[in-house]
Every structure is written in structure tokens, then in C-alpha cells.
Amino acid sequence: MKINRTSQGTAAIFTVEGQVDMHTSPDLRTQLRAALQEKATPVVVDLTAVAFIDSSGLATLIEALQATNKYGGRLRLCGLSTSVQNLFRLSNLTSIFDIRATSADALK
Amino acid sequence: MSEAAPDRIHVSLCSDPRYLPLVRALAQQGAELAGFGDEARDTLLLAVSEAVSNVIRHAYRDRHDQPVDIDLRARPGWVQVEVVDRGRFVDPSQIQSRPLDEIRPGGLGVHLMRATMDSVEYRKNDFGGTTLTLVKRAAPPALA
């Protein structure tokens with residue numbers, strides 16, 4: 001898994017590539033926490049190039065969502081493949097997250 | 001006429017999360033042997049990956065040098081995967097999935113297995129650990 005972080009004003013944009021699982025999700029958690037400590041908003045997680053995500057990846061995103069809510073920030077996800085969308089639906093998370101089509105939409 | 005014997009693949013690996021992509025590659029192979037469509041394939045990959053992650057986390061308490069055996073059988077439209085560990089027996093009632101309206105990290109893995117597989121069965125095995133058997137069947141073709 002690769003993570004690239006860019007900034008745009010107060011926004012932090014994370015572009016994730018590869019597979020997010022029990023082995024790789026701690027790295028995503030560490031990088032997201034850094035942005036959360038800076039109180040970045042919106043925090044955008046672009047999953048366009050993510051082929052697989054498991055429950056540990058979902059847990060990482062839920063933690064980040066809760067942390068941004070605490071400081072009044074926003075977490076937005078974008079670029080979910082059909083497979084990842086199905087996972088969110090199965091987990092009853094579709095209505096919990098702010099999910100946009102593209103990173104440009106997520107920055108509006 | 002009797003049904004043909006299923007294809008069978010057996011893999012032994014260490015309880016190291018670095019090998020999870022290998023576990024998913026095995027599930028992918030099983031899905032191809034069964035002729036699954038995209039959704040059945042994706043859910044099989046997810047469930048098998050969650051099963052092995054749970055073994056690492058719960059049965060072996062994050063020890064990464066312990067044995068995990070995976071036995072996959074596939075025939076058209078059907079895949080069965082057994083995940084065998086020799087760790088602490090995990091009482092299924094202790095890893096029940098959490099209520100979905102309780103939004104918090106954790107507890108989703110068991111829910112995802114149960115939501116996507118046709119059968120999820122835990123039993124104590126001869127090694128004192130747990131054998132988890134997952135069964136996935138292809139969805140019947142839509143009626144015209």
C-alpha cells in the first residue's frame with residue numbers, strides 16, 4: 001500500500017493505493033493521525049486506487065471520522081470502487097461517511 | 001452419476017499479516033475455479049482475509065510465527081474454505097459481531113463473514129484451536 005499526502009489550504013488529501021488490510025492499515029492510521037492532530041479540514045481520503053479494504057481499514061476510517069467530528073472538521077471519502085462501495089453498504093456505513101465521486105468533489 | 005471431486009488447494013503459512021495478500025490470492029483462485037462472478041469473488045476474498053486476520057488477532061494474540069492451515073475446495077458454483085489454527089480456542093460467542101447501529105471501530109470482521117457467506121461454522125479442533133469453515137455458493141442466475 002502506498003499513501004501520498006498533499007495539502008490545499010486547510011485540507012489534507014490522502015491518496016491511497018493498493019490493499020488496505022490488517023498489515024497495512026496501521027500505516028494509514030499513523031498518517032491520518034498526523035493530519036488530525038493538525039486539525040486539518042476537510043480530510044480527504046481518495047480510495048480510487050484501492051483494490052481491497054478490510055474491516056481494519058474500515059475501523060481506521062471510523063476512528064478518523066470520529067476524531068474529525070471532535071474538532072469540528074470534516075472527513076470525506078472519494079473514488080470508491082464498486083467492491084469497496086459494497087463493503088461500506090454491508091457494514092451499514094454508507095450513510096455515516098460523506099462519500100464523493102472524486103477528490104475535486106470532496107474539496108468543494 | 002456421482003459428482004466430480006472438487007478441486008482442492010492446501011496452504012500452510014505463518015500467522016503473519018504480511019501474508020494476507022497470499023491468502024486473498026488463494027481465495028481468488030478458488031473463486032476462479034468455481035466460476036464466481038465479481039461480487040461472489042470479492043466477498044469470498046474479504047471473508048477469507050477476515051478469517052485469517054481473526055486467527056492472528058484472537059487465536060494467536062498477534063503472534064506472527066504460528067501455523068495457519070487453509071484448505072480450499074472448489075467446484076462450479078461452490079467454494080468451501082477451512083481455516084485451521086492451533087492457538088487459543090475462540091468461543092464464537094465471544095467474537096459475535098457488534099450491532100451495526102453502534103458506530104465504532106472493531107467488531108466488523110465477523111459481521112462481514114456472516115453477511116457474505118452462505119455458512120460460517122466454528123468448531124474446536126484436535127489441536128485445541130479453532131477450525132472455521134466458510135462456504136460460499138454462487139448466486140443463482142437471474143430469471144429472464
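Me: In β2(A), which residue is the bridge partner of K2(A)?
Reply: First, a word on the ground rules: this is a predicted model, in which local features need pLDDT of at least 70, side-chain atom pairs count only at pLDDT 80 or more, and totals for chains, interfaces and linings use all residues. Residues are numbered from 1 along each chain as its sequence is written, while chains are lettered from A and ligands numbered from 1 in the order in which they are written. Helices (H or I, at least four residues) and strands (E, at least two) are DSSP runs, numbered from the N terminus, and two strands pair if DSSP finds at least two bridges between them. In β2(A), K2(A) is bridged to E17(A).

Me: How many bridges join β1(A) to β2(A)?
Reply: β1(A) covers residues 2-8 and β2(A) covers residues 11-20. They form a hairpin with 2 residues between the strands, where G9(A) takes a positive phi near 65°. The two strands run antiparallel, and the number of bridges is 7.

Me: How many of the residues in β1(A) are buried?
Reply: A residue is buried if 20 or more other C-beta atoms lie within 10 Å of its own, exposed if 12 or fewer, and partly exposed in between, with C-beta atoms placed from the backbone. Strand β1(A) is hardly covered: among its 7 residues the buried count is 0.

Me: Which residue of β3(A) is the bridge partner of G18(A)?
Reply: β2(A) also pairs with β3(A), residues 43-53, through 8 bridges, and these two run parallel. With helix α1(A), residues 25-37, they make a right-handed β-α-β unit (strands pointing away from the viewer, the path from the first strand over the helix to the second runs clockwise). In β3(A), G18(A) is bridged to V50(A).

Me: Why does V43(A) count as buried?
Reply: V43(A) sits in strand β3 of chain A. Leaving aside neighbours within four places in sequence, its contacts (C-beta atoms, placed from the backbone, within 7 Å) include A12(A), L32(A), A64(A) and L75(A). V43(A) counts as buried because the number of its C-beta neighbours inside 10 Å is 25.

Me: Which element gives the largest share of the side of chain A that touches chain B?
Reply: 19 residues of chain A are in contact with 23 residues of chain B. On the chain A side, the elements giving two or more residues are α2 (55-70) and α3 (82-90). The largest share, 6 residues, comes from α2(A).

Me: In what order do the elements of chain B run?
Reply: Chain B has 3 helices and 5 strands. Of its 144 residues, 36% count as buried. From the N terminus on, the order is β-α-α-β-β-α-β-β.

Note on methods:
Contact = placed C-beta atoms within 7 Å.
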